[in-house]
Amino acid sequence: MVVPESQDKMYYPPDDLKRDAHVPDFNTYLALYRKSLENPEAFWKEIADEFFWKKPATGPMLQYNFDVTKGTIYVKCMEGAKTNMCYNVLDRLVKERDLGERVAYYWEGNSPDHHMAITYRQLLSQVCRCANVLKQMGVKKGDRVSIYLPMIPELVYTMLACARIGAVHSIVFAGFSSESLCERIVDAQSSVLVTADGVYRGEKLINLKQIADEALKKCRERASSSVTKCLVIKHPAFRTKDGAACNKLQTSWDPGCDVWWDEVMRDSPEECEPEWLDAEDPLFILYTSGSTGKPKGVLHTVGGYLLYTSLTFKYVFDHHHDDVYWCTADIGWITGHSYITYGPLANGATSVLKYKVTKFYTAPTAIRLLMKYGREPLQKYDLSSLRILGTVGEPINPEAWEWYHDAVGQGRCPVVDTYWQTETGGHVLTPLPAATPLKPGSATFPFFGVEPTILNEHGEELEGEGEGYLVFRRPWPGIMRSVYRNHERFEKTYFKKFPGFYVTGDGCRRDKDGYYWMTGRIDDMLNVSGHLMSTAEVEAALTEHPALAEAAVVSRPHKVKGECLYCFVTLKDSREFNHKLVEELKRLVREKIGPIATPDFIQNAPVLPKTRSGKIMRRILRHIARNEKDLGDLSTLADPKVVEELFSKRCEAA
Ligand code: WTA
């Protein structure tokens with residue numbers, strides 16, 4: 001790798017960002033990157049030295065086997081060292097660095113009445129009180145606690161309280177159904193469930209406690225009622241201004257199991273000695289969907305996850321203490337775990353939901369939604385404080401990238417397109433904002449300690465330019481350790497296909513300058529007349545059309561070509577779907593990719609089926625394209641009504 005100079009359109013880091021950046025230029029990145037691969041022991045030891053270890057590591061920083069043919073797969077980071085995550089992200093800052101008065105979170109609820117600033121000292125005290133409550137309920141080191149909460153401060157208190165006493169949190173996004181919640185409680189065998197009475201999503205009142213009750217009932221019916229206590233928080237939306245409860249919500253109550261948060265927190269002591277854990281003890285489980293339907297409990301451990309999330313946060317967002325950082329994710333997803341809770345807190349960062357934000361991190365789908373409304377709404381706001389923009393979750397089409405860069409970042413803020421997974425714990429391919437020249441749509445280069453390579457179908461490594469399976473040759477501290485209670489599934493899913501490598505399941509192209517371009521899930525690959533292409537590629541071509549806000553492409557069986565392209569397109573407001581547009585779109589794709597990629601079907605899709613985290617559910621679109629009425633499990637779908645509408649607009653013939 002050399003400093004990239006290319007014929008392609010490039011965006012170079014702004015000078016004012018370079019001035020006090022942690023990694024101020026590409027050569028520094030390269031030097032650090034080389035060190036991280038050639039001498040990982042020294043590299044990670046230096047990072048570990050910034051944290052508190054009750055007992056230091058005596059053995060190697062990283063040990064692993066990535067080769068199924070040589071025995072069981074494992075990754076260990078600093079095994080034998082003793083520490084505590086909560087101590088490192090709170091006590092260390094408050095007691096050792098005197099940062100108690102720094103704001104950890106500015107919290108903004110749904111209504112303007114609901115907002116507060118929480119300092120590191122306040123956070124520590126709430127977390128300790130909650131930790132004592134959990135202990136009172138009988139929760140011990142290694143026990144699992146399921147958390148089903150909206151984005152309220154108590155969610156952070158509870159997860160850190162678990163970390164403090166060595167309990168393993170399993171957060172279930174509060175948009176999931178009772179069935180999904182039950183499935184996750186049963187798999188984790190949690191002894192406590194933490195939830196809230198209710199929450200407003202927009203105007204809609206959601207009775208969370210009722211869903212939680214249904215989930216627990218289902219657990220009991222399956223004879224796996226591990227949960228003995230349900231801790232219930234009164235959501236700020238259901239209190240009066242002075243904090244008293246107001247009953248807009250009917251909450252059913254089981255006195256044998258249910259406990260009001262307020263009642264037990266009131267007298268709970270503010271002191272709680274952290275439980276000193278092994279660096280390789282579990283920190284949390286987070287469920288992610290698997291290709292076979294049943295969600296996988298991705299398991300992360302204490303030490304490595306601490307090192308990796310704190311380091312990626314510091315470098316990728318080039319964190320400085322006067323920053324105000326806003327990540328739009330929900331803590332129910334990995335992005336929230338790593339980049340709202342653990343990574344930012346480990347750096348003593350201030351995170352928010354508003355005001356003079358300097359670093360902003362969101363998903364491409366949110367950007368494309370914003371694009372629909374044009375630049376005008378943005379002009380009402382002062383965006384001058386912004387310095388770095390980030391994206392995550394799916395490939396970003398160059399069109400949306402440039403709009404984000406120009407309209408939101410006003411041409412001055414680098415866009416860090418961070419590629420990673422629940423499984424990777426933190427960013428694995430990503431630009432560093434002051435060091436990496438950017439190409440719109442590329443996640444650019446690997447982060448420190450990460451060694452990617454691209455394989456073809458036969459498992460052969462591609463040199464230089466090429467497209468195939470993105471795999472990693474060795475672990476970094478933050479990678480998952482197992483699928484909870486199913487190590488075999490872990491080995492089978494990620495290590496079987498190509499022995500010696502962690503297989504991401506994503507397709508990737510490396511260009512002549514060494515830049516990595518994610519091309520979408522391999523299972524979203526399309527094979528038209530023997531030509532492999534990615535859904536993302538076709539979607540990027542389609543969305544270059546000025547009338548389009550978003551596009552999703554799936555395959556549909558075709559007699560001659562094997563598969564053909566079936567495209568769902570969402571138009572910008574005020575644009576009309578007609579024959580002329582369809583022809584223009586076909587021409588555009590033909591021009592951008594080649595005749596082989598010409599779509600056979602283009603369907604108007606006023607809304608696309610998405611998960612609650614904003615990912616397009618292509619599986620559902622495939623069924624619609626094929627007119628298959630049995631859609632399987634729809635519980636992760638944000639709005640089930642869209643399915644019917646899309647069926648009604650189906651294209652029969654080309
Ligand atoms: C996709 C989210 C392209 C990818 C952190 C991956 C991306 C899956 C990007 C993981 C990106 C995530 N460019 N694709 N920058 N980031 N993906 O587990 O397919 O919810 O495998 O973790 O999202 O999704 P997950």
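Predicted model: local features only at pLDDT ≥ 70, side-chain atom pairs only at ≥ 80, totals over all residues.

In which sense, left-handed or right-handed, does α5 pass α6?

Author: The crossing of α5 past α6 is right-handed. On the α5 side, the contact is formed by Leu123, Leu124, Gln126, Val127, Cys128, Cys130, Ala131, Leu134 and Lys135. Facing them from α6 are Val156, Tyr157, Thr158, Leu160, Ala161, Cys162, Arg164 and Ile165. Sorted by class, this contact of α5 with α6 holds 13 nonpolar residues, along with 2 polar and 2 charged ones.

What about the geometry? Two packed helices are described by the angle between their axes and by the distance between those axes. Here, helix α5 covers residues 120–136 and helix α6 covers residues 153–165. Their axes come within 8 Å of each other and cross at roughly 65 degrees.

For some surroundings, let us turn to another spot in the chain. Valine 23 lies in the loop that links α1 (15–18) and α2 (26–38). Valine 23 counts as buried because its relative accessibility is 4%, and the cut-off for buried is under 20%. Leaving aside residues up to four places away in sequence, valine 23 touches Thr28, Tyr29, Leu32, Tyr315, Leu432, Ala434, Ala435 and Phe448.

One of these partners, Tyr29, has the number at which a UniProt annotation begins: an unreviewed entry lists residues 29–89 as "domain: Acetyl-coenzyme A synthetase N-terminal". Over residues 29–89, the chain is 39% helix and 16% strand, with 26 Å between the end C-alpha atoms.

Note on methods: Residues numbered from 1 in each chain as written. Heavy atoms only, no water. Axes fitted to C-alpha atoms, helices over the stretch in contact; angles between N-to-C directions. Helix = DSSP H or I, 4+ residues; strand = E, 2+ residues; numbered from the N terminus. Left-handed = near helix turned anticlockwise from the far one by under 90°. Contact = heavy atoms within 4.5 Å. Nonpolar A, V, L, I, M, F, W, Y, C, P; charged D, E, K, R; others polar. Buried < 20%, exposed > 50% of the residue type's maximum accessible area, 1.4 Å probe, protein only. UniProt positions renumbered as here; feature names shortened; annotations may be inferred.
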